[in-house]
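Please look over the structure below before reading on. The text then goes through parts of it step by step.

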Amino acid sequence: MPKIKIDGREIDVRKGTTLLQAAERLGLEVPQMCYHPGLRIVGVCRVCLCQVKGQPKMTPACATEAVEGMDVALYSPEAEKARRAVIEFWLLNHPLDCPVCDQGGECPLQDIAFDHGPGISRLADPKVLKQKRVVLGPHVVLDEERCILCWRCTRFTQEVSGSYQIMLRERGAATVVGTPPGQSLDEPYSGNVVDLCPVGALTSSDFRFKSRIWEMASSEGICTACSVGCNTFVWSKKGAVERLTARPNPQVNEYWLCDRGRFDVAFTADPERFKNPQMRVNDRMIDVEWEDALLAMAEGLRASATRGQNQVAALFAPHLPNEEYWTFQKFVRANLGSNHLSMGRRETLVPSRVDLVRRGRMLPSIADLEQMDAIVILGGDLERTHPVYALRVRKAVRERGTKLFLATPEAERLEHVAEFSERVAPAAAAEWLTQLAGKIKKGGDHPAIGTLAGAQKVALLVNAGDANVEIAEAIEAFLGSGPKDSTWKTLVLDEGSNRWGASLLGISPHYYPGLKIVTADEAQGLKTRWGGRVSGEPGREWPDIMSLAGDGKIQALLLVNSGRPHRWSFTSTERAAIKRIPFVAAFDLFSADVQDVAHVILPSLSFAELDGTYTTADGIVQLARRNIVPRGPSPVQVLHRVASMLGVKMKGPDPIEVFREIAREVPQFAGMDYGQASRGGARTDRALAGVGSR
Amino acid sequence: MANEKKTLGERLILPELMKGYAVTLKTLASKPTTMQYPEERWQMARRYRGYPKLVMDEQGEPKCVACGLCAVVCPPNAIELQAGEVPRAKERQPIDFKIHMGRCINCGYCEEACPKSAIEMSKMYELNTTSLDDMIYSKEVLLQDY
């Protein structure tokens with residue numbers, strides 16, 4: 001534990017700590033530009049120069065390791081003078097077009113020049129002029145003049161995303177960043193360089209000149225594009241989301257977002273969004289008042305609420321907040337007495353999957369990938385479906401030397417860092433995995449066996465879309481084929497950002513909340529707690545529900561979507577079956593699918609208008625805050641009103657009250673609250689381990 | 001006061017009447033002070049702050065780069081603007097610029113905050129309209145000479 005002194009204050013630091021980190025731990029502000037905790041240290045900006053007693057020259061604090069007995073001066077007159085000179089160099093050719101620049105207001109160059117800079121310019125000659133508008137790729141535009149050459153963008157594409165699509169060209173004052181000749185910045189993570197750029201050199205073509213920083217309201221959000229659950233800041237102006245930026249969370253997304261999630265925000269202010277509730281009158285959808293729509297919905301459900309069990313079905317989009325899933329499933333189970341709760345076409349919560357969970361076979365955290373000896377990815381391209389997880393895989397390969405094996409249907413970018421890759425179609429994935437397991441056990445011929453046969457820690461990422469369901473048993477066989485005392489884990493990645501949360505909360509025909517199998521006994525237990533008429537008979541999966549509907553055995557259907565656009569893409573037979581259902585209510589943002597079949601459409605809210613928690617694929621529950629005040633009620637509020645019209649009292653409608661109920665009722669969520677869920681997220685894994693004994 | 005003692009001159013009335021006529025005759029001969037508004041108008045002082053206006057550059061384009069500093073400094077929140085990209089050296093220009101003159105308090109902060117001298121206080125002080133909406137000046141109106 002080296003003990004060092006910074007500006008007269010002593011501190012004990014761990015070996016390997018840099019002076020910059022030590023100074024920040026002391027609460028000292030260190031001017032910094034090129035330093036970024038997610039990137040390798042280069043020490044090129046020179047603004048963190050400090051004086052170490054006994055050393056003849058200034059040394060950059062970010063790139064100097066603390067050594068026992070160092071006496072560091074961060075703010076001595078000499079250090080400040082050196083810093084002033086560095087800033088003067090930066091500003092020599094910097095255009096100072098702050099009023100035009102998108103970074104104005106959140107620019108470290110502005111702040112540092114203001115706090116430590118010379119305050120005047122001694123430059124008599126004209127500045128070096130460069131290109132003001134270089135389109136680097138589909139999302140990024142470069143202003144060469146503003147660049148101060150901190151290398152953050154080049155380091156990102158070299159180290160983190162591995163695309164090598166930004167590099168430095170020319171020498172001296174003529175140095176510019178840019179793409180290699182003939183290439184454009186089209187990797188799936190290009191938006192991160194805009195976040196990283198400390199000045200306004202790299203700007204997002206979507207956000208460029210749209211808004212000044214102080215005009216927007218920002219809040220902590222969770223990206224709902226996939227189940228990674230990246231932490232974001234949501235920035236909005238006048239009721240429209242203007243941009244998303246990454247919010248660091250070491251357990252989830254580190255410092256990164258993918259382009260798919262980052263740039264998919266325009267729909268929040270789309271004029272096509274449903275503004276008013278709609279009702280079908282004479283086979284045409286017309287706008288109606290909220291009160292009328294709620295009454296119609298209560299009436300439509302009242303008929304089925306009193307009849308037998310399993311007469312109502314509900315179909316959910318896979319990206320709703322936990323609070324909505326809970327409220328809807330409880331309403332449908334307790335008040336409509338039905339277990340026909342379905343998540344998409346294919347039920348992913350199958351017994352073999354639940355078994356994996358009960359035996360503790362799931363990867364407890366995606367951050368554990370960094371400790372793996374080998375990672376096997378089976379199914380689709382991780383960079384397309386769960387891009388930020390792919391960055392974690394790259395990090396493991398880069399920093400630990402983890403061996404990566406791919407069995408995917410198409411060529412992909414991750415192949416460049418993979419030890420071995422093979423073309424396997426999703427339909428053949430289960431067979432491939434079983435064969436591999438057999439070969440590992442009995443000794444066979446496969447390029448991966450050399451590594452896998454002796455590996456203690458192996459992670460299997462299964463990403464085969466709908467085929468995930470069939471793979472579950474093969475996963476068990478594969479995980480069991482490891483050497484003795486090895487810990488082989490898996491993570492099954494499904495479509496949708498909160499599918500695992502939905503599974504835990506009982507959006508399934510076979511399982512009550514908490515992964516409890518639907519039985520008459522369990523139903524009795526729920527009935528005493530919830531009241532109502534919980535059915536003990538399992539519901540059906542979506543295809544069966546559709547055939548029941550075709551036979552006229554379904555009295556009402558709820559189609560629930562909120563947060564982001566979702567296409568139900570009903571087939572024509574499904575459409576015909578749905579048309580036979582006497583009452584169809586849809587919560588949606590916009591969808592021609594529901595306009596065709598619904599009797600009542602209730603506009604639901606975008607992700608920026610909802611308070612709520614989301615569960616990541618590895619089981620972290622994270623809170624997203626509302627950023628925009630919505631024009632109408634949230635789906636939970638709507639359901640609350642409808643329930644009270646039907647004479648039922650429900651918890652809520654405040655999401656926090658709903659979440660308290662979830663924490664009380666669902667073992668995996670036990671003890672959680674919004675505080676935990678907002679501070680980096682609360683883990684469901686501890687409770688998951690206890691599921692088996694329940 | 002009814003019982004106040006009056007001087008003899010006052011009681012005679014006539015001398016007082018003459019005094020009054022003298023004032024009238026004197027003023028009749030001098031130049032009138034009343035200004036015949038709206039036919040005649042004040043020449044405003046150089047430092048007078050009327051309502052703000054936008055300034056054009058030599059190319060006939062607004063000098064404004066839509067940095068939004070005037071909007072953020074404006075005490076009554078009278079300014080609203082939206083920036084947009086233009087294919088010129090300046091890159092950025094307001095695609096929409098509105099000032100609610102009914103709200104404006106003529107403080108001149110916008111002029112002071114502007115880094116491009118693109119907004120200035122005009123000498124215009126007349127807002128008479130029949131509708132409140134007319135007081136919201138659009139970019140086109142603000143760029144006119146008034």
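The model is predicted. Read from the N terminus, the elements of chain B come in the order α-α-β-α-β-β-α-β-β-α.

The overall dimensions of chain B come next. The C-alpha trace of chain B spans about 90 × 35 × 30 Å along its principal axes. Chain B has a radius of gyration of 26 Å, whereas a compact globule of 146 residues would have one near 15 Å. Of the 146 residues in chain B, 21% count as buried. Among the contacts in chain B with a separation of 6 or more, 71% join residues 24 or more positions apart.

In chain A, the topic is a pair of helices. Helix 8 of chain A covers residues 322–335, and helix 20 of chain A covers residues 635–645. Their axes lie 9 Å apart, and the two helices pack at an angle of about 20 degrees. Angles under 35 degrees count as roughly parallel, so helix 8 and helix 20 of chain A are roughly parallel to each other. The crossing of helix 8 of chain A past helix 20 of chain A is left-handed.

Which residues make this contact? From helix 8 of chain A come A:Glu323, A:Glu324, A:Thr327, A:Phe328, A:Phe331 and A:Asn335. Helix 20 of chain A contributes A:Pro635, A:Val636, A:Leu639 and A:Ala643. By type, the residues of the contact between helix 8 and helix 20 of chain A are 6 nonpolar, 2 polar and 2 charged.

How values were computed: Residues are numbered from 1 along each chain as its sequence is written. Chains are lettered from A and ligands numbered from 1 in the order in which they are written. This is a predicted model: local features need pLDDT of at least 70, side-chain atom pairs count only at pLDDT 80 or more; totals for chains, interfaces and linings use all residues. Axes are lines fitted to C-alpha atoms, for helices over the stretch in contact, and angles run from 0 to 180 degrees between N-to-C directions. Helices (H or I, at least four residues) and strands (E, at least two) are DSSP runs, numbered from the N terminus. Angles under 35 degrees count as roughly parallel, over 145 as roughly antiparallel, 65 to 115 as roughly perpendicular and the rest as oblique. A crossing is left-handed if the near helix is turned anticlockwise from the far one by less than a right angle, and right-handed if clockwise. Two residues are in contact if their C-beta atoms, placed from the backbone, lie within 7 Å. Ala, Val, Leu, Ile, Met, Phe, Trp, Tyr, Cys and Pro count as nonpolar, Asp, Glu, Lys and Arg as charged, and the others, Gly among them, as polar. The radius of gyration is taken over C-alpha atoms; the globule rule is 2.2 Å times the number of residues to the power 0.38. A residue is buried if 20 or more other C-beta atoms lie within 10 Å of its own, exposed if 12 or fewer, and partly exposed in between; C-beta atoms are placed from the backbone.
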